[in-house]
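Here is a quick briefing to go with the protein chain below. Take a look at the fold, then read through the points by topic.

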Amino acid sequence: MQQAELTSKQFDDFSTIIADRLGIKMPATKRTMLQSRLLRRSRELGLEDVHAYHERFFSDPEVQQEELEHLLNLATTNKTDFFREPDHFEFLAQQALPAWRARSPGGPFRVWCAGCATGEEAYTLSMVLMEQQLRGSFDFTILATDVSTRVLEKAMAATYDEEHASPIPLTLRKKYLLRSRDPSVGLVKIAPRSAPTYALVISIFSPKTTEFAPNSMSFFFAMS
Ligand SMILES: C[S@@+](CC[C@H](N)C(=O)[O-])C[C@H]1O[C@@H](n2cnc3c(N)ncnc32)[C@H](O)[C@@H]1O
C-alpha cells in the first residue's frame with residue numbers, strides 16, 4: 001500500500017516547531033526519517049496517516065503541548081555506546097585530567113555530558129574517572145542531560161544487554177557492572193556504590209532557556 005507522504009508545508013510546519021521549541025535543526029535531508037517516525041507515532045494514536053497527525057497536532061494548542069514531548073523524542077537520534085570514540089576517553093585520562101589537576105588541585109572536576117542519550121557516555125566517563133581516582137585523590141561530578149525523556153528513562157535505569165556492554169574492558173566490567181542473578185536474562189546494571197564521591201544528575205534540559213525545565217527529573221547515582 002502506498003503511504004501518504006508529508007507535504008512540503010507539513011514538513012516545514014514540523015521542522016519549524018522542532019527548531020523553535022526544541023532547538024534541533026531538521027533539514028530537508030531528514031524528511032524521510034521524520035516522516036517514517038511520525039507515521040509510527042500516528043499509528044500509536046490510531047490515526048490513519050501523517051496528514052491526520054499533522055491536522056491533530058496543529059489544530060489544537062492543548063494537544064500540541066501534550067504531543068510536544070513525543071515529537072521531541074522522535075526528532076532526536078540517540079546513537080551511543082560505551083567507550084564510543086575511545087580516543088576521547090584516552091585524551092581525558094592522559095591529558096585533560098592531569099592538566100586540570102595541575103591547575104586546580106583542590107576543586108572537583110566537573111563534566112557535563114550534554115546529550116547523554118541512554119547514559120552510556122556518562123557511565124563510561126564515571127568508570128574512567130573512578131579509575132583515575134585510584135592514582136590520586138580528587139572529586140568529580142558528572143552532569144548528564146538530554147532533551148529526550150524516552151532516553152533518559154533508560155539512562156536512569158542503568159540497565160543494559162550484556163552484549164551491549166561488551167566495549168567495556170573486562171577489568172572494568174568486573175568492577176563496575178552487576179550481572180543479573182539469572183544469567184539467561186543477559187542483563188547488566190551499573191553498580192551503585194556507597195560513600196558517594198560524585199553525583200550523576202540526569203535532567204531534562206531546555207535548550208531554549210538554558211535553564212532546567214520545571215518538570216526536570218533528577219537522578220543521583222552515587223559511586224565511590
Ligand atoms: C547521537 S546521541 C549522542 C550520545 C552521546 N553523547 C554519545 O556521543 O555517545 C545525541 C543525543 O543528544 C541529544 N540532544 C540533541 N539536541 C540536544 C539539546 N539541544 N540538548 C540536549 N540534548 C540534546 C539527543 O536527544 C541524543 O540523545
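**Strands side by side**

Strand β1 (residues 109-113) and strand β2 (residues 140-146) run parallel, with five bridges joining them. Strands count as paired if DSSP finds at least two bridges between them. This is a predicted model, where local features need pLDDT of at least 70, side-chain atom pairs count only at pLDDT 80 or more, and totals for chains, interfaces and linings use all residues. Residues are numbered from 1 along each chain as its sequence is written.

**More on β1 and β2**
- Trp112 has Leu143 in β2 as its bridge partner.
- Together with helix α6 (residues 120-133), β1 and β2 make a right-handed β-α-β unit.
- Right-handed means that, with the strands pointing away from you, the path from the first strand over the helix to the second runs clockwise.

**The whole chain**
- You'll find eight helices and seven strands in the chain; these are DSSP runs numbered from the N terminus, with helices (H or I) of at least four residues and strands (E) of at least two.
- Out of 224 residues, 25% count as buried, meaning 20 or more other C-beta atoms lie within 10 Å of the residue's own, while exposed means 12 or fewer, partly exposed is in between, and C-beta atoms are placed from the backbone.

- In helix α3 (residues 50-59), the buried residues are Val50, Tyr53, His54 and Phe57.
- Looking down the axis of α3, these residues fall within an arc of 100° (taken from the directions from the helix axis to the C-beta atoms), so they line one face of the helix.
- Glu55 and Ser59 are exposed on the other side of α3.
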